[in-house]
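Subject: Structure handover

Hi,

Here is the structure we talked about. My notes on it follow below.

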Amino acid sequence: MKITAIISLALMLLWATATASAQEKRPPLPSPRPTPAGARDFGQEQQNCPCQIIGTWKAQVSKTEARLYEFDGAGVVKVLKVSGADKPREIATAKYEFVVEPMSMEETAAPVQKAPEKQIAFTAAGNNRIFGRTNATMKIVSYDDSSMTCQIPGMKEPVRWTRVDTDRYFIVLAARQNEFYDNSGSAFPMVIKLAEGIPQIDAAGTYSDHGKSTFGKVPPDIYKQYLGEARGDSEVILRLEINSQQYARAWKIVQEWQRRARENALLYRPPDGIMSLNNLVLLRAVTETLNLCENDFDLYKLDYNYPRDWITDAYAPEFVPFYFFKELKRRNEARHIEYTKFQELVPLSHLASR
Amino acid sequence: MDRRELLTRVFEPHPASPGVARYTNAVLRNQNNEAVKFYDDLIRGKQCVVNFFYAECHGSCPAVTQTMKTLYRTLKDRMGNDLFFYSMTIKPEDDTPAALKHYAETRNVDLPGWYFLTGDRYDLETIRYRLFGMDHPAFDGDLTLHTSYLRIINDARNSWGMAQAFATNANILRRIAWQDPPKSYAERVKESRARQVIIEQEVKKYGYRRDSMS
């Protein structure tokens, strides 16, 4: 009896040692591969950077003098002169029209479409003149979220206008693991507008409603938990400062998905569809819209195109957001705002009620 | 079950169709700029063939429209009565009702029972995923993929079918026929007898039964 017990103990020890050494010998998991920036895949919708003229633009006329052009949504532009520390002074008012040139048949059929030509037509009101004329047309040579280069008639060199943002904007990508029964967790983007020191936060995605995985508008008491420091390895939080146009586009997507959840119009619905895929489509749209006009962030292309997209290949859909955010954080570590600095920038005690 | 419940069940028009829950009741506009509700006006109790396209498409869309035009000619007697074609745009920003009218007129497909539909992107996206969703974000995000498929719906029977738009016309017609309303006993007997005559003729001529179905 004793001998049998000793033999079985020895066999167990032998098996445990063999298993441990086999595990040691196992090759390590492949490290994340960088995503080369490339053209959109065949069939993917080509989106052009929208030229949003409404807002305030600044043009530096000389070293000491600048002009502010305030475009409103009703087709009126005000021109203000800024010199030194003086208060901006209104020097002209005009009606404006944003004209997009129609594209030819060949241009629309081209595999890589260029954006149609755009120009702004001004008609000065009263005795004021804009660019020294009553009627003037300004051709937009190039533009992105924060600047616009225009060709003004009578001027040799193109003029660069920069967008003036009085408010500040942030995006926080938060994800957690080991929260639900299947070890997946919450994952959602938060878009933050900081106007006059008061943050307005909107969030949509997968969150925990009393331990149950829920998709939709994230309630304030839930997203507030993710505005703090990340809780170890099971949580990833990426905080980035963005510009007003990036915010506007991301906000629109978040609003759309909040509406989809509210109206039961989700793109994937159980029992026919996989619920977690909704979050993937949302997260992909929100992150991709940040780079719609310029390569501002180092994004990971979540497009199921293996081997470039190794995350969707390696993980089930409900785990993808966590590793996606982790990879985005790794790539944009330099732009990530640390918690202490974020606290100073966004006073959470003044959270605007939504 | 009392008599009232029995009669309600028997005469309930579409007991099994999920209705608005599946199809949505989004308000769309056709090429005549008429507002239509997707389920109530276009799907409820009807048999239809749905495809997605856009007017400025220079890829598969014109070919698919041509295929549908050929199918229309074959099914002419049924079109607008118990069978409808719905071509829905994937680019509602560009495809206004006027643009769709122009598209239909230039291709001679502005025909009774064939509607070209546009609307809010949100609604069209929801309908696209509901009808053509493949549970895979890469395929579902690929807009061109959906321009080459036809979804065949018979709401009265609550049955669905799918056809490749580039399949042969006979293949697509057969798939549409699969979703046809159930035939009466007398009709089925008549069809079977007619088929038996063909089989017997084939056996007599060739010595074996050929595929008389195709």
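**Helices on the sheet, chain A**

Helix H7 (residues 320–331) of chain A lies across E9, E10 and E13 of chain A, at about 50 degrees to E13(A). Helices (H or I, at least four residues) and strands (E, at least two) are DSSP runs, numbered from the N terminus. Axes are lines fitted to C-alpha atoms, for helices over the stretch in contact, and angles run from 0 to 180 degrees between N-to-C directions. Contact means C-beta atoms, placed from the backbone, within 7 Å.

The model is predicted: local features need pLDDT of at least 70, side-chain atom pairs count only at pLDDT 80 or more, and totals for chains, interfaces and linings use all residues. Residues are numbered from 1 along each chain as its sequence is written, while chains are lettered from A and ligands numbered from 1 in the order written.

Helix H5 (residues 276–290) of chain A lies across E10 (187–195), E11 (198–209), E12 and E13 of chain A. Its angle to E11(A) is about 150 degrees.

The sheet is open, with five strands in the order E12-E11-E10-E9-E13 (chain A) and antiparallel pairing. Pairing takes at least two DSSP bridges between two strands. E12 (212–217) and E13 (235–242) of chain A are at the edges with a single partner strand each, so one side of each has no neighbour in the sheet. The twist averages 20 degrees from one strand to the next.

Eight bridges join E9 (residues 168–176) of chain A to E13(A). Phe170(A) has Glu241(A) as its bridge partner in E13(A).

Best regards

Notes:
Two residues are in contact if their C-beta atoms, placed from the backbone, lie within 7 Å.
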